[in-house]
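Could you walk me through how to read a protein structure that I have never seen before? I would like to go feature by feature.

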Amino acid sequence: MIMTSKYSKYNCISCCNEEITEAMTLFKNENSEGALKKLKKALELAKKSKDKSSQVVVYQILGTCQRLSKDHEAAWTTFVEGWNLIETLDKETIVSDMSLAFYAYEMLRVESNAKERKSYYERFNKLWGEKWEAEIFNLTNV
């Protein structure tokens, strides 16, 4: 699930919409290998378009599918790459866009190195405050 807000700049995925749609259909039909291939292609297309919003969305979908496929190492790597892109945005944009907090929430659902995970958790607390996770949970009921 991708959370977007009415203020979010992260809604446009037109450069790779077809690949994402096909990937989600494959994933729903339990073909995670095919879905992951399509999502990696979608990420390539998003990178070529240089559209950060599309890239962030694809990183989130890909990382989530990798996590659900139990490939936590790949999922963590994917989420970190996406977060590094998010960190290129100004702090005000990051703090004000709750879809980015949802990205962080999904990132922390990945089983990963506890020390590394803790450092990201601390960063997220500095951005959105210590109750940001509860807010995400209340908004999405995930």
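Q: What should I know before I start?
A: This is a predicted model, in which local features need pLDDT of at least 70 and side-chain atom pairs count only at pLDDT 80 or more, while totals for chains, interfaces and linings use all residues. Residues are numbered from 1 along each chain as its sequence is written, and side-chain values use heavy atoms, with hydrogens and water left out.

Q: How many helices and strands are there in the protein chain?
A: Helices (H or I, at least four residues) and strands (E, at least two) are DSSP runs, numbered from the N terminus. Here the protein chain has eight helices and zero strands. Read from the N terminus on, its elements go α-α-α-α-α-α-α-α.

Q: How much of the protein chain counts as buried?
A: Buried means under 20% relative accessible area, exposed means over 50%, and partly exposed is in between (1.4 Å probe, protein chains only). Of the 142 residues in the protein chain, 46% count as buried.

Q: What share of the contacts links residues 24 or more positions apart?
A: A contact means heavy atoms within 4.5 Å. Among contacts in the protein chain with a separation of 6 or more, 65% come from residues 24 or more positions apart.

Q: How do I read the packing of α1 and α3?
A: Two packed helices are described by the angle between their axes and the distance between the axes. Axes are lines fitted to C-alpha atoms, for helices over the stretch in contact, and angles run from 0 to 180 degrees between N-to-C directions. The axes of α1 and α3 come within 12 Å and cross at roughly 15 degrees. The two helices are therefore roughly parallel to each other (angles under 35 degrees count as roughly parallel, over 145 as roughly antiparallel, 65 to 115 as roughly perpendicular and the rest as oblique). Where they meet, Ile20, Met24 and Phe27 of α1 touch Val58, Ile61, Cys65 and Leu68 of α3.

Q: Which residues of helix α8 are buried?
A: In α8 (residues 132-140), Trp132, Ile136 and Thr140 are buried. Seen down the axis of α8, the buried residues fall within an arc of 55 degrees, so they line one face of the helix. That arc is taken from the directions from the helix axis to the C-beta atoms. The cover over these buried residues includes α6 and α7 (114-128).

Q: How many salt bridges does a search of the whole structure find?
A: Side chains of opposite charge can pair when their charged atoms come close. A salt bridge is a side-chain nitrogen of Lys or Arg within 4 Å of a carboxyl oxygen of Asp or Glu. The search finds five. One of them pairs Glu22 with Lys38, with the closest N and O atoms 2.6 Å apart. This pair links distant parts of the chain, 16 residues apart: Glu22 is in helix α1 (residues 17-28) and Lys38 in helix α2 (residues 32-49).
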